[in-house]
Amino acid sequence: MKRFVTFEGIDGSGKSTISKGVYEKLKKEGYDAILTFEPTDTELGKIVKKCIEENYDPVVTTFAFIADRIQHVGEIKKWVKDNKIVLCDRYADSTYAYQAVQLEDIIENPIKWLKELHDRFIIKPELTFLCVLDVDKALGRIKNREKLVSFERKEFLEKVQKNYLHLASLERERFVMIDASKSVNKIVDECMVKILER
Ligand code: TYD
(Lines give C-alpha, C1' and ligand atoms only; values in the text may rest on other atoms or scores of the structure.)
Protein backbone atom coordinates (compact mmCIF):
# COMPACT_ATOMS: atom_id res chain seq x y z
CA MET A 1 0.00 0.00 0.00
CA LYS A 2 1.20 3.53 -0.73
CA ARG A 3 1.58 6.01 2.13
CA PHE A 4 2.14 9.32 0.35
CA VAL A 5 0.16 9.96 -2.80
CA THR A 6 -0.20 13.20 -4.74
CA PHE A 7 -2.74 14.42 -7.30
CA GLU A 8 -1.61 16.77 -10.03
CA GLY A 9 -3.01 18.39 -13.13
CA ILE A 10 -3.92 21.73 -14.66
CA ASP A 11 -6.71 23.89 -13.18
CA GLY A 12 -10.07 22.34 -14.05
CA SER A 13 -8.63 18.88 -14.64
CA GLY A 14 -10.67 17.51 -11.74
CA LYS A 15 -7.93 16.54 -9.33
CA SER A 16 -9.69 18.02 -6.29
CA THR A 17 -12.91 16.07 -7.01
CA ILE A 18 -10.89 12.91 -7.66
CA SER A 19 -8.71 13.20 -4.56
CA LYS A 20 -11.82 13.82 -2.44
CA GLY A 21 -13.53 10.77 -3.99
CA VAL A 22 -10.50 8.58 -3.29
CA TYR A 23 -10.29 9.88 0.28
CA GLU A 24 -13.95 9.11 0.94
CA LYS A 25 -13.66 5.63 -0.52
CA LEU A 26 -10.55 4.82 1.52
CA LYS A 27 -12.30 5.97 4.70
CA LYS A 28 -15.42 3.96 3.82
CA GLU A 29 -13.27 0.88 3.40
CA GLY A 30 -11.76 1.43 6.85
CA TYR A 31 -8.36 2.89 5.93
CA ASP A 32 -6.78 5.61 8.02
CA ALA A 33 -6.45 8.29 5.34
CA ILE A 34 -5.76 12.03 5.40
CA LEU A 35 -6.62 14.46 2.62
CA THR A 36 -4.45 17.56 2.51
CA PHE A 37 -3.70 20.19 -0.12
CA GLU A 38 -1.42 22.97 -1.34
CA PRO A 39 -1.42 25.89 -1.17
CA THR A 40 -2.27 25.13 2.47
CA ASP A 41 -4.77 27.04 4.59
CA THR A 42 -2.04 28.30 6.95
CA GLU A 43 -0.63 31.84 7.15
CA LEU A 44 2.02 30.84 4.58
CA GLY A 45 -0.69 29.49 2.28
CA LYS A 46 -2.53 32.81 2.57
CA ILE A 47 0.59 34.62 1.44
CA VAL A 48 0.81 32.25 -1.54
CA LYS A 49 -2.78 33.04 -2.51
CA LYS A 50 -2.02 36.77 -2.29
CA CYS A 51 1.01 36.26 -4.56
CA ILE A 52 -1.20 34.58 -7.17
CA GLU A 53 -4.17 36.90 -6.95
CA GLU A 54 -2.14 40.09 -6.99
CA ASN A 55 0.43 38.91 -9.54
CA TYR A 56 3.50 39.24 -7.36
CA ASP A 57 6.94 38.85 -8.87
CA PRO A 58 7.38 35.22 -10.10
CA VAL A 59 10.51 34.67 -7.99
CA VAL A 60 8.71 35.88 -4.87
CA THR A 61 5.74 33.65 -5.73
CA THR A 62 8.07 30.69 -6.18
CA PHE A 63 9.70 31.16 -2.79
CA ALA A 64 6.27 31.53 -1.18
CA PHE A 65 5.08 28.20 -2.64
CA ILE A 66 8.28 26.53 -1.50
CA ALA A 67 8.08 27.98 2.02
CA ASP A 68 4.48 26.80 2.33
CA ARG A 69 5.51 23.31 1.14
CA ILE A 70 8.50 22.92 3.45
CA GLN A 71 6.33 23.77 6.44
CA HIS A 72 3.63 21.35 5.17
CA VAL A 73 6.17 18.52 4.75
CA GLY A 74 6.70 18.52 8.52
CA GLU A 75 3.02 17.58 8.95
CA ILE A 76 3.08 15.07 6.08
CA LYS A 77 6.09 13.26 7.60
CA LYS A 78 4.23 12.92 10.92
CA TRP A 79 1.13 11.48 9.23
CA VAL A 80 3.21 9.00 7.23
CA LYS A 81 5.02 7.95 10.40
CA ASP A 82 1.63 7.36 12.05
CA ASN A 83 0.86 4.90 9.21
CA LYS A 84 -1.80 7.04 7.59
CA ILE A 85 -2.36 7.11 3.85
CA VAL A 86 -1.64 10.75 3.00
CA LEU A 87 -3.36 12.13 -0.10
CA CYS A 88 -2.17 15.54 -1.21
CA ASP A 89 -4.03 17.69 -3.76
CA ARG A 90 -1.06 19.41 -5.48
CA TYR A 91 2.55 19.18 -4.29
CA ALA A 92 6.06 19.78 -5.64
CA ASP A 93 5.20 18.84 -9.23
CA SER A 94 2.81 21.83 -9.28
CA THR A 95 5.78 24.08 -8.57
CA TYR A 96 7.87 22.45 -11.32
CA ALA A 97 5.01 22.64 -13.81
CA TYR A 98 3.59 26.10 -13.01
CA GLN A 99 6.53 28.15 -11.73
CA ALA A 100 8.71 26.86 -14.57
CA VAL A 101 6.31 28.64 -16.93
CA GLN A 102 6.36 31.81 -14.82
CA LEU A 103 10.17 31.72 -14.70
CA GLU A 104 10.85 30.70 -18.30
CA ASP A 105 12.18 34.14 -19.31
CA ILE A 106 13.99 34.74 -16.05
CA ILE A 107 15.92 31.55 -15.33
CA GLU A 108 17.60 29.10 -17.64
CA ASN A 109 16.24 25.55 -17.24
CA PRO A 110 13.76 26.50 -14.51
CA ILE A 111 12.65 22.93 -13.68
CA LYS A 112 16.25 21.97 -12.87
CA TRP A 113 16.68 25.13 -10.79
CA LEU A 114 13.43 24.53 -8.89
CA LYS A 115 14.37 20.93 -8.16
CA GLU A 116 17.81 21.90 -6.87
CA LEU A 117 16.25 24.61 -4.75
CA HIS A 118 13.90 22.50 -2.72
CA ASP A 119 14.20 18.76 -3.33
CA ARG A 120 16.51 18.26 -0.34
CA PHE A 121 13.91 19.74 2.02
CA ILE A 122 10.93 17.66 0.95
CA ILE A 123 9.95 14.01 0.68
CA LYS A 124 9.06 12.34 -2.58
CA PRO A 125 5.59 10.96 -3.15
CA GLU A 126 5.44 7.20 -3.76
CA LEU A 127 2.71 7.69 -6.32
CA THR A 128 1.50 10.69 -8.32
CA PHE A 129 -1.73 10.72 -10.30
CA LEU A 130 -1.50 13.12 -13.21
CA CYS A 131 -5.00 14.12 -14.36
CA VAL A 132 -4.72 14.95 -18.04
CA LEU A 133 -7.46 16.86 -19.81
CA ASP A 134 -7.62 18.97 -22.93
CA VAL A 135 -7.00 22.61 -21.91
CA ASP A 136 -10.21 23.90 -23.55
CA LYS A 137 -12.26 21.32 -21.67
CA ALA A 138 -10.49 22.15 -18.41
CA LEU A 139 -11.14 25.87 -18.88
CA GLY A 140 -14.77 25.08 -19.72
CA ARG A 141 -15.10 23.38 -16.34
CA ILE A 142 -13.83 26.37 -14.37
CA LYS A 143 -15.32 29.24 -16.38
CA ASN A 144 -18.13 29.77 -13.86
CA ARG A 145 -15.79 30.20 -10.93
CA GLU A 146 -16.03 33.57 -9.29
CA LYS A 147 -12.41 34.58 -9.59
CA LEU A 148 -10.10 33.28 -12.24
CA VAL A 149 -6.41 33.86 -11.51
CA SER A 150 -3.84 34.75 -14.13
CA PHE A 151 -2.68 31.11 -14.34
CA GLU A 152 -6.06 30.11 -15.72
CA ARG A 153 -5.40 31.17 -19.31
CA LYS A 154 -5.15 28.86 -22.28
CA GLU A 155 -1.55 29.58 -23.36
CA PHE A 156 -0.30 29.37 -19.80
CA LEU A 157 -2.07 26.08 -19.06
CA GLU A 158 -0.92 24.54 -22.37
CA LYS A 159 2.66 25.11 -21.19
CA VAL A 160 1.90 23.81 -17.69
CA GLN A 161 0.40 20.64 -19.13
CA LYS A 162 3.46 20.19 -21.35
CA ASN A 163 5.70 20.48 -18.30
CA TYR A 164 3.61 17.91 -16.43
CA LEU A 165 3.89 15.45 -19.32
CA HIS A 166 7.63 16.03 -19.42
CA LEU A 167 7.95 15.43 -15.66
CA ALA A 168 5.91 12.22 -16.00
CA SER A 169 8.18 11.00 -18.80
CA LEU A 170 11.19 11.37 -16.47
CA GLU A 171 9.65 9.26 -13.69
CA ARG A 172 7.40 6.64 -15.25
CA GLU A 173 7.40 4.53 -12.09
CA ARG A 174 5.98 7.23 -9.86
CA PHE A 175 3.49 8.85 -12.26
CA VAL A 176 0.18 7.30 -13.21
CA MET A 177 -1.58 9.06 -16.05
CA ILE A 178 -5.30 9.57 -15.59
CA ASP A 179 -7.60 10.32 -18.51
CA ALA A 180 -9.60 13.00 -16.71
CA SER A 181 -12.39 12.96 -19.30
CA LYS A 182 -13.62 9.64 -17.86
CA SER A 183 -16.27 9.42 -15.11
CA VAL A 184 -15.13 10.30 -11.60
CA ASN A 185 -16.25 6.90 -10.25
CA LYS A 186 -14.14 5.04 -12.79
CA ILE A 187 -11.10 7.18 -12.04
CA VAL A 188 -11.54 6.79 -8.28
CA ASP A 189 -11.62 2.99 -8.68
CA GLU A 190 -8.45 3.10 -10.81
CA CYS A 191 -6.70 5.18 -8.14
CA MET A 192 -7.82 2.84 -5.36
CA VAL A 193 -6.23 -0.15 -7.11
CA LYS A 194 -2.93 1.68 -7.56
CA ILE A 195 -2.83 2.95 -3.97
CA LEU A 196 -3.65 -0.40 -2.41
CA GLU A 197 -1.40 -2.57 -4.55
CA ARG A 198 1.87 -3.68 -2.98
P1 TYD B 1 -5.37 25.33 -6.14
O2 TYD B 1 -5.72 25.73 -4.77
O3 TYD B 1 -5.19 23.88 -6.45
O4 TYD B 1 -6.44 25.87 -7.17
P5 TYD B 1 -8.00 25.94 -6.97
O6 TYD B 1 -8.24 27.17 -6.16
O7 TYD B 1 -8.44 26.05 -8.37
O8 TYD B 1 -8.42 24.65 -6.31
O9 TYD B 1 -4.05 26.10 -6.59
C10 TYD B 1 -4.11 27.48 -6.83
C11 TYD B 1 -3.23 27.83 -8.01
O12 TYD B 1 -1.86 27.73 -7.64
C13 TYD B 1 -3.41 26.92 -9.21
O14 TYD B 1 -3.56 27.73 -10.36
C15 TYD B 1 -2.13 26.15 -9.28
C16 TYD B 1 -1.12 27.06 -8.63
N17 TYD B 1 0.05 26.41 -7.99
C18 TYD B 1 1.33 26.75 -8.43
O19 TYD B 1 1.48 27.56 -9.37
N20 TYD B 1 2.42 26.20 -7.82
C21 TYD B 1 2.31 25.33 -6.78
O22 TYD B 1 3.34 24.85 -6.25
C23 TYD B 1 0.99 24.99 -6.33
C24 TYD B 1 0.83 24.07 -5.15
C25 TYD B 1 -0.12 25.56 -6.95
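Trainee: Which helix or strand gives the largest share of the shell around the ligand?

Mentor: Helices (H or I, at least four residues) and strands (E, at least two) are DSSP runs, numbered from the N terminus. Here H4 gives the largest share of the shell, four residues. Helix H3 (58-81) and helix H4 (92-102) each supply at least two shell residues. This is a predicted model, in which local features need pLDDT of at least 70, side-chain atom pairs count only at pLDDT 80 or more, and totals for chains, interfaces and linings use all residues. Residues are numbered from 1 along each chain as its sequence is written, and side-chain values use heavy atoms, with hydrogens and water left out.

Trainee: How many residues surround the ligand?

Mentor: A residue is near a molecule if one of its heavy atoms lies within 4 Å of it. For this ligand there are 14 such residues, and the closest are Asp 11, Arg 90, Thr 95, Gln 99 and Arg 145. By class, the shell has five nonpolar, three polar and six charged residues. In that count Ala, Val, Leu, Ile, Met, Phe, Trp, Tyr, Cys and Pro are nonpolar, Asp, Glu, Lys and Arg are charged, and the others, Gly among them, are polar.

Trainee: Which polar side-chain atom lies 2.7 Å from a nitrogen atom of the ligand?

Mentor: A polar contact is a pair of N or O atoms within 3.5 Å. That atom belongs to Gln 99. Oxygen atoms of the ligand are also involved: one is 2.8 Å from an N or O atom in the side chain of Asp 11, and a polar side-chain atom of Thr 95 lies 2.6 Å from a ligand oxygen. The ligand taken alone exposes 550 Å², of which the protein buries 83%; the areas come from the Shrake-Rupley method with a 1.4 Å probe.

Trainee: What is the pattern of the chain along the sequence?

Mentor: The chain reads β-α-β-α-α-β-α-α-β-α-α-β-α, with eight helices and five strands in total. The C-alpha atoms fill a box of roughly 45 × 35 × 35 Å, taken along the principal axes.

Terms used: A polar contact is a pair of N or O atoms within 3.5 Å; within protein, one must be able to donate a hydrogen and the other to accept it, and residues adjacent in sequence count only if both atoms are side-chain atoms.
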